[in-house]
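Have the structure open and follow along.

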Amino acid sequence: MSLSLLLVLAIKMAAALLADRVFGEARRFHPLVGFGRWAGWVEQACRRLFFGTNETGMRLAGLLAWALAVLPWVALALWLRTLHPQAHWVVDSMLLYFALGGRSLAEHARAVATPLAAGDLDAARERVGWIVSRDTRALDTEGVARAATESVLENGNDAVFGALLWFVLGGGAGVVLFRLANTLDAMWGYRTPRHLHFGWAAARIDDLLGWLPARLTALTYALLGHTRRALACWRTQAPAWDSPNAGPVMAAGAGALGVRLGGAAIYHGREEHRPALGEGRGADVDAIRAAVALVRRGALLWLGLTAALGLATTLMGGGGA
């Protein structure tokens, strides 16, 4: 009896999730670090080419840079699977492992929660500054906990659920496409003078690729937490958020945890008044830990559902990989 495609994907997914849980991110020579250097070189080259410095020229340069930075690696992922009839097992599992950041996310959250619980606010501010782009120097205890909780919920979508969904949709090549696009958005997608127009394509493509994962992530948070409140927060609060994908994820996550997030924050020296998210108690150390547990349970749920569907299709005679 041949294994169905879904069951094959579930086995690879289990291997990658286990590797991430045991080993975490590669400490040296991580592919995303190398990709960041490659993307920086591509950006410089495209800026020097011929598009000029006006808005249209910068957008075209950014689109070309995105294609040159991402598509060769997607093609490489597809080619590696052709080297041997069984190569897809190793290639897909490794590519998903490198794309996942579940353990890293938990470690960064713990690095904030531990000093915060011990009353060391300065250390907690420093640690949370490693995972968020806002100015953390003046945050109080609740502000630090709020920033860390928001980061866990949002990055749970980017570094876990989005990677898992695109792996199911496109195998190793799909997860490479999603993760590299997400990385470029983090590099080029900010509305700074340098990247306002150049990063337009990176931001829009990331929004497009992340649309479905974000809504499935929000649904996952709702199912595993206070469901009714999470769905209500998603429906009423997410539309006010600037990001079409971060809004549903964080609103549903905050509602699921029963915690208040959002509010004013300082980015690049400018205060931004962000809408409120969730409802209930103020953010604290327990909220950070609960957010990590929510992401972890969600990943297990996705694995279980994929495996169950894969087993069912295998028993019904579904086609193999």
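## Before you start

Keep in mind that this is a predicted model. Every value here is computed from its atoms.

## The cysteines

If you're wondering about disulfides, the structure holds 0 of them. Cysteine 46 has a relative accessibility of 2%, so it counts as buried, the cut-off being under 20%. Cysteine 233 also comes out at 2% relative accessibility, and therefore counts as buried as well.

Helix α7 runs over residues 141-188, and aspartate 158 is found in it. Which side chain of opposite charge is nearest to aspartate 158? That's arginine 179, at 6.4 Å. Aspartate 158 is buried yet has no salt bridge; a salt bridge would need a side-chain nitrogen of Lys or Arg within 4 Å of a carboxyl oxygen.

What the aspartate 158 side chain does have is polar contacts. One goes to the side chain of asparagine 157, at 3.4 Å. Another goes to the side chain of asparagine 182, also listed at 3.4 Å. Asparagine 182 turns up again once you set aside neighbours within four places in sequence: aspartate 158 is then in contact with Ala163, Phe178, Arg179 and Asn182.

## The nonpolar core

The largest nonpolar core has 83 residues. The ones touching the most other members are Val70, Leu96, Leu164, Leu184, Tyr221 and Ile288. Helix α7 supplies the largest share of this core, with 21 residues.

Take leucine 164 as an example. Beyond its neighbours within four places in sequence, leucine 164 is in contact with Met13, Leu17, Leu96, Leu100 and Trp302. Leu96 is itself among the residues that touch the most other core members.

Is valine 144 buried or exposed? Valine 144, in helix α7, has a relative accessible area of 0%, so it is buried. Its C-alpha atom is separated by 8.1 Å from that of valine 112, 32 residues apart along the chain. Past its neighbours within four places in sequence, valine 144 is in contact with Val112, Leu116, Leu121, Ala124, Arg125, Val128 and Leu139.

The C-alpha atoms of leucine 169 and threonine 183 lie 19 Å apart, with the two residues 14 apart along the chain.

How values were computed:
Residues numbered from 1 in each chain as written. Predicted model: local features only at pLDDT ≥ 70, side-chain atom pairs only at ≥ 80, totals over all residues. Heavy atoms only, no water. Disulfide = S-S within 2.5 Å. Buried < 20%, exposed > 50% of the residue type's maximum accessible area, 1.4 Å probe, protein only. Helix = DSSP H or I, 4+ residues; strand = E, 2+ residues; numbered from the N terminus. Lys, Arg positive; Asp, Glu negative; His and termini not counted. Polar contact = N/O pair within 3.5 Å; in protein donor to acceptor, adjacent residues only side chain to side chain. Contact = heavy atoms within 4.5 Å. Core = buried A, V, L, I, M, F, W, Y, C linked by side-chain atoms within 4.5 Å.
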